[in-house]
Amino acid sequence: MRSARSLEGCRYRSSFHCKSVSAIEDLIGELTKLPGIGPKTATRLTYYLLKQSNERADRLAKAVSAVAEQIKPCDMCGNFTETSPCAICADPRRDSGVVCVVEEASDIGAIERTGEYDGLYHVLGGHLSPLDGVGPDDLRLDSLLTRLGNGVDVREVIIATNPSMEGEATATYVGRLLADKGVRVTRIALGLPVGGDLEYADGVTIAQAILARREVPN
Ligand code: ZN
């Protein structure tokens, strides 16, 4: 949003200057809409870009449009991809009998980096949040049910929503939704982070760690 002061300033400047100020404010405004970027950071990034070469700014602009134009959600799992189905859904070496449900496509990368999971994914596109007006119809739940009902032999659905209040509520909802679908439904174990300190962990985390306890191998 243009401030009253800059609008007033514009009246006394040439149209060229008005255009430049507007371009700067447009970029600051667009950057501010990004998650985790406030007006201060947006302003700093904008002025940083102004000091860079035109080629560098062009490369950034092209990278942003390429993402917008070429990347689409995978028809099957909702992962972002250039081709549908995505590389994970299309990989015959992966176990199509296990589907891991995540909130966002960006969560897939975190699980893939572990190298411990070889099943498929299903991206919900968020979590249930009544306060923000996000209900079951806003999540990719229909396509999850379609996937389970279209003859593909899914043995297990792992719910890997975030360990937040909304993530837990979503996990419970998905669990109930799949209760009579003849598929094993599991939730990722939540608890203490590796390298964490019991003394400083909150009660909910410790309680979940106790609930998710397992046998010590002997
Ligand atoms: Zn996919």
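How many helices and strands does the protein chain have? The protein chain has nine helices and six strands, counted as DSSP runs numbered from the N terminus (helices: H or I, at least four residues; strands: E, at least two). This is a predicted model, where local features need pLDDT of at least 70, side-chain atom pairs count only at pLDDT 80 or more, and totals for chains, interfaces and linings use all residues. Residues are numbered from 1 along each chain as its sequence is written.

**Overall shape**
- The radius of gyration is 23 Å, well over the 17 Å that the globule rule gives for 218 residues, so the protein chain is more spread out than a compact globule. The radius is taken over C-alpha atoms, and the rule is 2.2 Å times the number of residues to the power 0.38.
- Along its principal axes, the C-alpha trace spans about 75 × 45 × 35 Å.
- Of the 218 residues, 16% count as buried (20 or more other C-beta atoms within 10 Å of the residue's own, with C-beta atoms placed from the backbone).

**The nonpolar core**
- The largest nonpolar core has 24 residues, and Cys77, Val99, Val101, Val102 and Tyr121 have the most contacts inside it. Such a core is a set of buried Ala, Val, Leu, Ile, Met, Phe, Trp, Tyr and Cys residues joined through C-beta atoms within 7 Å.
- Strand S3 gives the most to this core, with four residues.

**Helix H4**
- Helix H4 (residues 54-70) is hardly covered, as the count of buried residues among its 17 residues is zero.

Key:
Expected span 1.5 Å × (residues − 1). Buried ≥ 20, exposed ≤ 12 C-beta atoms within 10 Å, placed from the backbone.
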